[in-house]
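I opened my notebook today to look around one protein model and its ligand. Here is what I looked up, entry by entry.

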Amino acid sequence: MAVLAGKAAVVTGGSRGIGRAIVLRLARDGAQVVFNYARSRDAADEVVRQAEKEGGNVTAVQLDLAEPGAAEELMAAAERRLGGLDILVNNAATNIDVRPLAETTEAEFDRVMAVNAKSVFLTVRHAARHMRDGGRIVNISTLNTVRPAPGNAPYVASKGALEQLTLVASRELGPRGITVNAVSPGATDTDLLRAANTPEGLARAVAVTPLGRLGRPEDVADVVAFLAGPDGRWLTGQIVRANGGII
Ligand code: NAP
């Protein structure tokens with residue numbers, strides 16, 4: 001059933017991993033989707049082709065969210081393409097190699113905050129101004145905000161900011177029927193996870209997961225689709241922990 005038919009959606013970072021699964025799921029549910037990517041043009045083209053094969057309507061835009069003006073440009077491009085906004089999913093994130101705070105540079109902190117936190121502020125601000133009443137905002141966080149991993153200071157700080165933005169926005173936009181939630185995945189099998197973990201680290205993640213495996217991008221996308229759809233209407237200001245029971 002196309003529960004999102006007629007809805008206009010923007011997803012950040014839709015070329016790979018969890019974002020790719022979210023784009024395909026929202027398109028399958030009937031939404032028209034615009035997503036951005038930073039570098040992976042081939043992967044982005046493949047997502048568009050896959051969506052088309054499934055009867056979806058998806059457009060990819062190359063914009064690096066670390067660049068000044070990129071978040072606003074994404075929202076403007078989406079507005080031109082979609083003619084309105086009903087669903088915003090802030091999924092794109094970047095990280096640096098794991099290293100102690102003492103060895104982390106200011107430039108690294110600034111880049112991670114620009115992509116993972118500032119772009120969320122800018123797209124949510126755009127939504128506060130332009131989203132249709134009854135809309136949905138879903139920001140992707142991480143279990144690291146309650147289980148902070150050493151060596152990940154900028155990433156964890158950026159996701160703390162994302163969660164607080166989510167809570168404030170839920171209170172400001174509630175009167176217009178717009179829900180604002182965060183989905184907080186656990187270890188999910190994507191490039192980001194594999195770049196940051198050894199095989200032993202991945203095995204440890206599985207060992208502490210009551211459901212006994214790594215998450216799959218679709219596990220998270222299905223939760224996002226619930227929050228973005230009509231059945232999510234009474235949930236707002238929540239951090240939904242889609243992590244197989246780790247927390
Ligand atoms: P991923 O596989 O690394 O994919 C990241 C996506 O974000 C890609 O589409 C990438 O585009 C895009 N992106 C990265 N930097 C960007 C930038 N500067 N500008 C624009 N787009 C950019 O990551 P993932 O594992 O799917 O993570 C998705 C979300 O889940 C993130 O918010 C992450 O923090 C969160 N999360 C993941 C896990 C996990 O275990 N995987 C756990 C907890 C939370 P390109 O393809 O062009 O690089």
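Predicted model: local features only at pLDDT ≥ 70, side-chain atom pairs only at ≥ 80, totals over all residues.

**Entry 1: the ligand's surroundings**

I began with the kinds of residue in the shell around the ligand, and I found 15 nonpolar, 12 polar and 6 charged ones. In total, 33 residues surround the ligand. The closest are Ser-15, Arg-39, Ser-40, Tyr-155 and Thr-190.

Next I looked at single atoms. The side chain of Ser-15 has an N or O atom 2.7 Å from an oxygen atom of the ligand. For Ile-18, I found a polar backbone atom 2.8 Å from a ligand oxygen. Asn-91 also uses its backbone: one of its N or O atoms lies 2.7 Å from an oxygen atom of the ligand.

How much of the ligand's accessible area does the protein cover? I noted 97% of the 890 Å² that the ligand has on its own.

H6 gives the most, with 3 residues.

**Entry 2: the nonpolar cores**

I turned to the largest nonpolar core, which has 30 residues. Within this core, Ile-22, Leu-26, Val-33, Phe-35 and Val-89 touch the most other members. I then checked where the core residues come from: strand E1 (8-11), H1, E2, helix H2 (41-53), strand E4 (87-90), strand E5 (136-140) and helix H8 (217-228) each supply at least two. H1 gives the most to this core, with 7 residues.

Leaving out neighbours within four places in sequence, I saw Leu-26 in contact with Leu-4, Ala-9, Val-11, Ala-31, Val-33, Ile-87, Val-89, Ala-225 and Ala-228.

There is also a second, separate core of 28 residues. Ala-70, Ala-92, Leu-122 and Ile-178 are among them.

**Entry 3: Ser-158**

I found Ser-158 in helix H5. Is Ser-158 buried or exposed? I wrote down buried, because its relative accessible area is 0%, and the cut-off for buried is under 20%. The side chains of Ser-158 and Asn-116 are joined by a polar contact of 3.2 Å. Setting aside residues within four places in sequence, Ser-158 is in contact with Val-112, Met-113, Asn-116 and Ala-117.

**Entry 4: Leu-202**

I located Leu-202 in helix H7, residues 199-207. Its relative accessibility is 11%, so I count Leu-202 as buried too.

Which residues does Leu-202 touch, not counting those up to four places away in sequence? I listed Leu-193, Arg-194, Asn-197 and Leu-214. I then checked the spacing for one of these: Leu-202 and Leu-214 are 12 residues apart in sequence, and their C-alpha atoms are 7.9 Å apart in space.

**Entry 5: Ala-242**

My last stop was Ala-242, in strand E7 (residues 239-242). Apart from neighbours within four places in sequence, Ala-242 is in contact with Val-183, Ser-184, Pro-185, Gly-186 and Val-223. I also looked up its spacing from Ala-149, which is 93 residues away along the chain. The C-alpha atoms of this pair are separated by 18 Å.

Terms used
Residues numbered from 1 in each chain as written. Heavy atoms only, no water. Near = heavy atom within 4 Å. Polar contact = N/O pair within 3.5 Å; in protein donor to acceptor, adjacent residues only side chain to side chain. Areas by Shrake-Rupley, 256 points an atom, 1.4 Å probe, with all protein chains shown as cover. Helix = DSSP H or I, 4+ residues; strand = E, 2+ residues; numbered from the N terminus. Nonpolar A, V, L, I, M, F, W, Y, C, P; charged D, E, K, R; others polar. Core = buried A, V, L, I, M, F, W, Y, C linked by side-chain atoms within 4.5 Å. Buried < 20%, exposed > 50% of the residue type's maximum accessible area, 1.4 Å probe, protein only. Contact = heavy atoms within 4.5 Å.
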